[in-house]
Amino acid sequence: MEDPFERRAVISGIGGSPLGRRLGRDDLDLSVEACCAAVADAGLSFHDVDGLASFPSAADGARRSVTGPSVWEVQDALGLELAWYSAGLEVSSQLGAVVNACLAVASGLARHVLVYRTVTESTGQGSGGRRGVEVPGRVTGANQWLLPFDVVSGANRMALYAQRHCFEYGTTREQLGSVPVAFRAHAARNPAAVYRDPLTMEEYLDARVISTPLCLYDCDVPIDGSTAFVVSPADVARDLPQPAVGIEAVGVALTARPGWDQWEDLTAVAARDAAAQLWSRTDLGPGDVDVAALYDGFSILVLLWLEALGFCARGESGAFVEGGARIGLGGELPINTHGGQLSAGRMHGFGLLREACLQVRGQAGDRQVRDAEVALVSNGGLGPLAGCLLLTRRG
């Protein structure tokens, strides 16, 4: 493609608040800390920031612990004078906020866009578990057909995809378990990870089942925290205090019906369409990727993203991850080198983007992948939500 919009933007700054279980801090407080860190990392002041984006939105009706503060609250707290802003759920996954920021920068609507994602799910759950944040007060839409059968979380829905994958392709629980076991080994190198103690396959297989075939360790870990990025024009890359992260290509397409259960092939998810579009926008291919940060809200999603992105053929992802060697540090395709959402904690995909940026910058410390110049990050894959970015070292 000639001059795609995403290549006219770079990620110029990254930052975050502390992450952890039940921090008990206000979500706006966490957001301000992350945003301050990202702006400082980009070498900017808040006078330079004229754009603001987030996912989803405090106006979308979801629980506050899931949405975080609205863009209006963050604008007011930081004293921003905005030329453009955006937030909402109906975008191509959590990464839709970053894609929107790239569009604003590329079109000249804004020059430096601050993008943030904040959750306080661990605190918000209280003693209610996932039901404490995921069951809406008013039952509408698809939930009216799901809640009577106790489908209270994404685990119940993704378990059906996992079961189908096992049936169609012979995927085993040991293969699924290779994902959380490998990611836990990565988390041991990440001081900020929630769970860093080793996880064995025996412990995985003995864990309580949440929704067959998914067990406790197949499900990500709710936490509190905030992550933020600054998206700027590509022409600032050489002047930044930190290495710029280029955006080579985006994948945001959705061609099938926008639901959990209406796909013509239940061994695939919305990742299929987003991945196809990503590769259509670049001359690079799966073989050029040095490190991947794939959405792991549930272990099965890693397998589905591997297939959708062409790292292996359909039905072969179980064999690809088996034993963990190919997805480990030093392996063919290191995945979720900070521990992923399964061990480092669920930042709804923004933690994955942060790790991918650190790897491309060469700043991942003890878990740095040698000579990592190209990173792929994906978000979502649940229902209609799926998006992916191909990142490159710039400047």
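**View 1. The loop holding Pro213, between strand S5 (209-211) and strand S6 (214-215).** Thr212 and Pro213 are joined by a cis peptide bond, with omega about 5°. Helices (H or I, at least four residues) and strands (E, at least two) are DSSP runs, numbered from the N terminus. The model is predicted: local features need pLDDT of at least 70, side-chain atom pairs count only at pLDDT 80 or more, and totals for chains, interfaces and linings use all residues. Residues are numbered from 1 along each chain as its sequence is written, and side-chain values use heavy atoms, with hydrogens and water left out.

**View 2. The cis peptide bond between Phe55 and Pro56.** Omega for this bond is about -10°. Pro56 sits in the loop between strand S2 (51-54) and helix H2 (64-67).

**View 3. Ser93, a residue other than glycine with positive phi.** The phi value of Ser93 is near 75°. Ser93 belongs to the loop between strand S3 (84-87) and H4. With a relative accessible area of 0%, Ser93 is buried (buried means under 20% relative accessible area, exposed over 50%, partly exposed in between; 1.4 Å probe, protein chains only).

**View 4. His348, a residue other than glycine with positive phi.** Phi of His348 is near 50°, and the residue lies in the loop between helix H14 (340-343) and helix H15 (350-361). His348 counts as buried, at 12% relative accessibility.

**View 5. The largest nonpolar core, of 91 residues.** A nonpolar core is a set of buried Ala, Val, Leu, Ile, Met, Phe, Trp, Tyr and Cys residues joined through side-chain atoms within 4.5 Å. The residues with the most contacts inside the core are Leu306, Leu309, Leu353, Leu376, Leu389 and Leu391. Helix H4 (residues 96-107) gives the most to this core, with eight residues. A second, separate core has 15 residues, among them Cys35, Ala38, Val39 and Leu78.

**View 6. Surroundings of Leu391.** Contact means heavy atoms within 4.5 Å. Neighbours within four places in sequence left aside, the contacts of Leu391 include Val245, Gly246, Ile247, Leu353, Ala356, Cys357 and Val360. Glu373, Val374, Ala375 and Val377 are also in contact with Leu391.

**View 7. The buried residues of helix H11 (residues 271-280).** These are Ala271, Asp273, Ala274, Ala275, Leu278 and Trp279. Among the elements that cover them are strand S8 (244-251), helix H12 (299-308), strand S10 (374-382) and strand S11 (385-394).
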